[in-house]
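This report looks at how two chains meet in one structure, beginning with a single side chain and then turning to the interface as a whole.

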Amino acid sequence: MKFTLSWLKDHLKTGKSAAEIAEVMTMAGLEVEDVRDPAQSLSAFSVAKVLAANPHPDADRLQVCTVETKDGTKQIVCGAPNARAGISVVYAPVGAYVPGIDVTLKQAKIRGVESAGMMCSAKELELGDDHDGIIELSGDPAVGTPAVEALSADPVIDFEVTPNRPDWLGVRGIARDLAAAGAGELFTDTLNAVAGHYDSPVGVTIDAPDACPVFLGRYVRGVKNGPSPDWLQKRLRAIGLRPINALVDITNYLSYDRARPLHVFDAAKLKGNIVARLGRDGETLLALDGKSYALDSDMCVIADESGPVGLGGVMGGEDTGCTDGTTDVFIECAYFDPNRTARTGRRTGIVSDARYRFERGVDTGFLVDGMELATAMVIEFCGGEASHVVQAGEIPDGPAPVDFHLHEVRRLTGLEISEKRILDILHHLGCSAAGSGEHVAVQPPTWRRDIVQSADLVEEIARIEGFDALQAVPLAREERLAPIYSEPAERARRARRALAADGWLEAVTWSFCKSETAALLGGEDGLDVANPVSSELSTMRPTPLAHLIPALQWNADRGAPHARLFEVGPGWTAPGEGGQHAIAAGAVRGEAVRAWRGGGSPDVFDMKAAALLALEAAGAPVNSLQTAPDAPFWWHPGRSGSLNLGMNPLARFGEIHPGVLRDLDVDGPVLAFEVFLDKIPPSKRKPAKTRPSLAKADQTPVVRDFAFIKDAETPAETLVRAAAGADKALIDSVTVFDLYEGEGLPQGKTSIAIAVRIQPQGKALTEAELEGLSKKIVAAVEKATGATLRG
Amino acid sequence: MQDLSALQSDIEARIAAAQDLRALDEVRVAALGKKGEVSLKMRELGQMSPEERKTAGPALNALRDALDAAIAAKKAQLEAAELEARLATERVDVTLPAAPRPRGAIHPVTQVMEEMGAIFADMGFVVADGPDIETDFNNFTALNFPPGHPARDAHDTFFMKAELDGAPAVLRTHTSPVQIRTMLGQKPPIRIIAQGRTYRNDSDQTHTPMFHQTEGLVIDKGTHMGHLKGCLMEFVAAYFEREVEVRFRPHHFPFTEPSAEMDVRYERVGDEIRIGQGDKWMEVVGCGMVHPNVIRNCGLDPDEYQGFAFGFGIDRLAMLKYGMPDLRDFFAADARWLSHYGFPALSMPNLATGLS
């Protein structure tokens, strides 16, 4: 919402500057976005007079002007069609900064002719959008007069109107809050009713009182439309509106001055009486923006006997709009339901000042006055004779009174404010208070339907008193014994830190991805975003790998082929509760690192190690996990696996399926892992942090090596588990230290060498006992896998 | 005795002349071995008279001890020389590079989340959370955004095609639904923060369709706006690790009443933003007293319970503290950016050793 300082002063008696007003607004909750003070931006510009304008020798569209300026007579080359001898113009000397084109002027030759300075258009000075020609100053101001004086240019303040305050969409509403906040005094409104001389020939009925509870209409005959007065045009231009003609400008002006949208029909184009009703399927309206809209039964339509002539509260129709030839008008001043107006606006996509106000709620107390004000302006600018006002429906009731305990101010804000000051603030804002002492009934004004309970009044009082008055009080420290992070959050934190410490770079990538990518990576249906920002981000991702895998290629293309990326973030299987999963995922390209000692490429077992690292950091029982080659279809069928706790996969690792990489346009191989943090069983809370005492073995451990020949298909893990299970009391651990396939072994057989670490308890093992244990190990392995001891 | 001294000189000369350990051992055997010159002399002692033995015995023992010592010293010398000669052949070029080790990093958003966690933990907050795909009720209605109200439009909401609880599911536009989940799920007193991903359909240099927020909620029977101001002032000083002048301004949010925004003083020096100095104000947090309708929507009595809520943009706080110029880079998974702006795994934010 923009307004000018002089416009504000129509309503507010104040000596404050634009900057001071902006400061008061900011601290009262009217968030100022921009203050443009032409006194500053125009300080370099002054009045000049064109003495002669001659054609440029080498350019048809340019003129070489002789200009009398404060710096003496200058030669200026100008492209404006209206540059001619005798006019007063705005002169910018060499060295001036011209804000509208963001240029600092230099002495220049234009097509071979010297040009010293510039004559400016309104757009170049940011005083409007008019760029058809240079500004022509009226009233023959003296050469050298500061431009800001000659233009009577006014500071413009732009601020953000929060949706709860439709009254700030009118300058008077802003003035009222500024007066309450101490920036000046609000002028009393004196509105004179315009007498009606006859009954309106156009009647009004309402068929949809929910959509349009009240409609005031008035006929004015014998008007003469034309340009509106200069002061009004200047104000509209200053806030970025384009003056059209007096009748249209009046409605725009009142929209911004009083937050009161109106519509003026060309009465000659109306057929019969007006009705406010719901739309009918199949109806269309050619609106004032020149576009045709399909109407439906949810929309409020203003119709005459020929059909729709306007969308209530949103936009009027093109066919019944006012033109320069208009002689009789019918003024509409109505109230439209905010929600329906918002729905109609959304459905049609129409953005208008009327919609913006009606969907936030206009002042129901200003219908009659608004009509009088509009009528008076029409007669003042265009002449004519007004009818009596016709009214259909009833003006909605004002807001209900609020039961207010004054101590609520202290309870919610800690502020100590006197009863008198509280009532004073409320009064300034247009509230009336009945009763006295601690407990009053406050009647909010008709323009403040946002005030419905005492907290709303507390806000008003605190806001006007000023938040600087709030005393900062530290929160009392509370005794707390539990950790502040929940177990899932702490798990994610530990997995993240462990992976980063292991040389992985943490990324944070979009939660949504391309639906094709989601499908390639096993994404479920039902996770599409209805209004995605782009097709690249249109469905909720099944896994962070949806972005990490393509990012590997992106980084490789930029010289980082070895990037090791990971993310701890969500993946989805369903939209509802339980469908979001915390996943720690990482990926790296299988490209060898070149190093003088031999670098090697990341492989499946590096991914298994990373998954186990993250799992262990997150508190998973890693010793109870079983590996199985059962990763889903989008992994390499021979080079991937799961780490399962019983039936539950806690992690996957391996190579991504080359077909998936091809479809993702990523050069392979790519290795990856995923850890499903939310599948890790919750830790068992122990009452004490004390650990069991360390049972130090008193005997030296013994290591025995075995080599078995097994079927290549037999999982090594089965063999290792069998060996380890041969004597759980004595066998401490089993490690694989060699694998061999090929020459010397039958086809389809693998030799696997394991080292079994035996930890005797209490006394050393005799050679015979060790021999017995070895036999048990061999027997257990043979039984479990069919493998035989290598001879 | 004359010949003993000559013998000693002779043997010592041979010890000194030994070129290696083997030669030295030959000298030792020739002198002190079973049939060595000194051993033979020792054997002659038995044939001597007691008088002769009295002088010859100690002299021979002294000779033997002296030769033992000379041999040991020579042996040590030869061994040292041999080791040195071997080590001289074992030289490597130590200027060759060490084995490459990938360097990991923590994303700035994670770091800042943990920094905030550490500061609010100290003020007695615990962490709560909620899902990213929310019900319309939790994201809007319960937070006092009536259906159809224009305040909803301002959120540029992403809707899912799927429905939850009879209305299109939404990607949460703020972390505030966690307020609702918390108040519905536990009895006051409540003091929580909620951190996570939030979504709005918006995209430019300072807006991305996904971003991060930290929500705070305090509900009890006595917390007022002065506490809110105190809590947030303490936070910004701790976070920016310096005194920061702040300004509270009235604002509007549907779910707080009164509502405020807090600005911090800053200035721009070149491309750099300096917090805590200068003459400009930058908004860092929206906040206010929890709206009575929200308290009511969660089954509590607003005449009995009261408190405040706030919402910080995490990404923005990270940019202000660490100087990343463009929000979009946060989500690009660019290894160069992650390495440059990321944090070492061992920089774990806490109030004892510092936040970063």
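## A glutamine at the interface

In this predicted model, a polar atom of the Gln306(B) side chain lies 2.8 Å from the backbone oxygen of Arg411(A).

Gln306(B) belongs to strand 11 (residues 306–313) of chain B, strands being DSSP runs of E with at least two residues, and helices runs of H or I with at least four, numbered from the N terminus. Gln306(B) counts as buried because its relative accessibility is 3%, where buried means under 20% relative accessible area, exposed over 50% and partly exposed in between (1.4 Å probe, protein chains only).

Across the interface of chain B and chain A there are seven salt bridges, each a side-chain nitrogen of Lys or Arg within 4 Å of a carboxyl oxygen of Asp or Glu. One of them joins Glu234(B) to Arg477(A), at 2.8 Å from N to O. On the side of chain B that touches chain A, helix 9 (residues 225–240) gives the most, with eight residues.

Residues are numbered from 1 along each chain as its sequence is written, while chains are lettered from A and ligands numbered from 1 in the order in which they are written. Local features need pLDDT of at least 70 and side-chain atom pairs 80 or more, whereas totals for chains, interfaces and linings use all residues, and side-chain values use heavy atoms, with hydrogens and water left out.

How values were computed: A polar contact is a pair of N or O atoms within 3.5 Å; within protein, one must be able to donate a hydrogen and the other to accept it, and residues adjacent in sequence count only if both atoms are side-chain atoms.
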